[in-house]
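Colleague: I am new to this one and would like to go through it with you. Could you put it up first, please?

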Amino acid sequence: MIVKALLRTEINHCLRICMRGLSLRSQWDIVTGVCVERLPVVTPPLNDIQKRYKELLWTIEVEKSLKSDHEIRHENDKIQAELLKNDAHDVDLDAVSKITAQDFEDAANEELAQFKFASIETEADKTCDKTTADRCLQRHLVLVTPVKLGNETKMLLPQGNRQEGETLRQTAERILKEHCGPDLKVQFLSNAPCGFYKYKYPSNIQTEGKIGAKVFFYYANYKSGCAETKNNTKFNWLTRNELTELLPAKYNKSVQEFLIDETY
């Protein structure tokens, strides 16, 4: 724990030095973007390797396991039935008259046959509503928001300029609250950025000697709540494929580099 604390302190110190140097001599704006990801709510389908591993674990468990109470009861029922069939004097009539293990198993299978799993398709899935995280329950979803860049508005991860005296992590927390409101609860996983991207401003909006922006991405897991709509702002929760279709190509490539690939 002490070593980790020292490492975090050293990383933050290095970041402060780098950003201090950038603010003095750089012609780039320092921007922080936040990747808020909602993890799957329902277990995703298993791929081939996972299926084989599951079967292996099941085989090992069966081979090493002891007999269950139900199996022992089943064997005792067979013994009592044989004794009763042969008119043996040591038959336990009380045991024979009770419900047998096979009767219990048949009743359980009948009840199971009547059980139906709830649908994983939500109302948001049916109406193709991308503004809520209550959709695509087996997939990873990433929050994107309209960001104004010059005269254009593009759908990007929530982002904003770093203010003097802030660490990048503090900027990420502030930006997320400003864009999405206090109701959205997330968990940041690191004090250090997980990704990087830079772009140049169009020549007509380059001001104060700034030629572009360097974006440092932070990653956070969605916990609860919803993004607060301001001025008809449309927040979208997108799958990996939807991100690829909507985000600018180079920007999306930088984002996909720190996201875990989906194998289905």
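Colleague: Is Arg135 buried or exposed, and what about Glu242?

Modeller: This is a predicted model. In it, Arg135 is buried, and Glu242 is buried as well.

Colleague: Which salt bridge do the side chains of Arg135 and Glu242 form?

Modeller: They meet in a salt bridge at 3.0 Å, N to O. Arg135 lies in the loop between helix 6 and strand 2, whereas Glu242 is in helix 8, so the pair ties together parts 107 residues apart in sequence.

Colleague: What else is linked with Arg135 and Glu242 in a network of salt bridges?

Modeller: Lys130 belongs to that network. The side chains of Lys130 and Glu242 meet at 3.8 Å, N to O.

Colleague: Why does Glu242 count as buried?

Modeller: Glu242 has 16% relative accessibility, and buried means under 20%. Lys130, in contrast, is partly exposed, with a relative accessible area of 32%.

Colleague: How many salt bridges are found in the whole structure?

Modeller: The search finds 8. One of the salt bridges joins the side chains of Arg240 and Glu37, at 2.8 Å, N to O. Arg240 lies in helix 8 and Glu37 in strand 1, so this pair ties together parts 203 residues apart in sequence. Both residues, Arg240 and Glu37, are buried.

Colleague: Changing topic, where does Thr32 lie?

Modeller: Thr32 is in strand 1, residues 28–38. Its relative accessible area is 0%, so Thr32 is buried.

Colleague: What is Thr32 in contact with, leaving aside its neighbours within four places in sequence?

Modeller: Its contacts include Pro158, Gly160, Leu168, Phe216 and Tyr218.

Conventions: Residues numbered from 1 in each chain as written. Predicted model: local features only at pLDDT ≥ 70, side-chain atom pairs only at ≥ 80, totals over all residues. Heavy atoms only, no water. Helix = DSSP H or I, 4+ residues; strand = E, 2+ residues; numbered from the N terminus. Buried < 20%, exposed > 50% of the residue type's maximum accessible area, 1.4 Å probe, protein only. Contact = heavy atoms within 4.5 Å. Salt bridge = Lys/Arg side-chain N within 4 Å of Asp/Glu carboxyl O.
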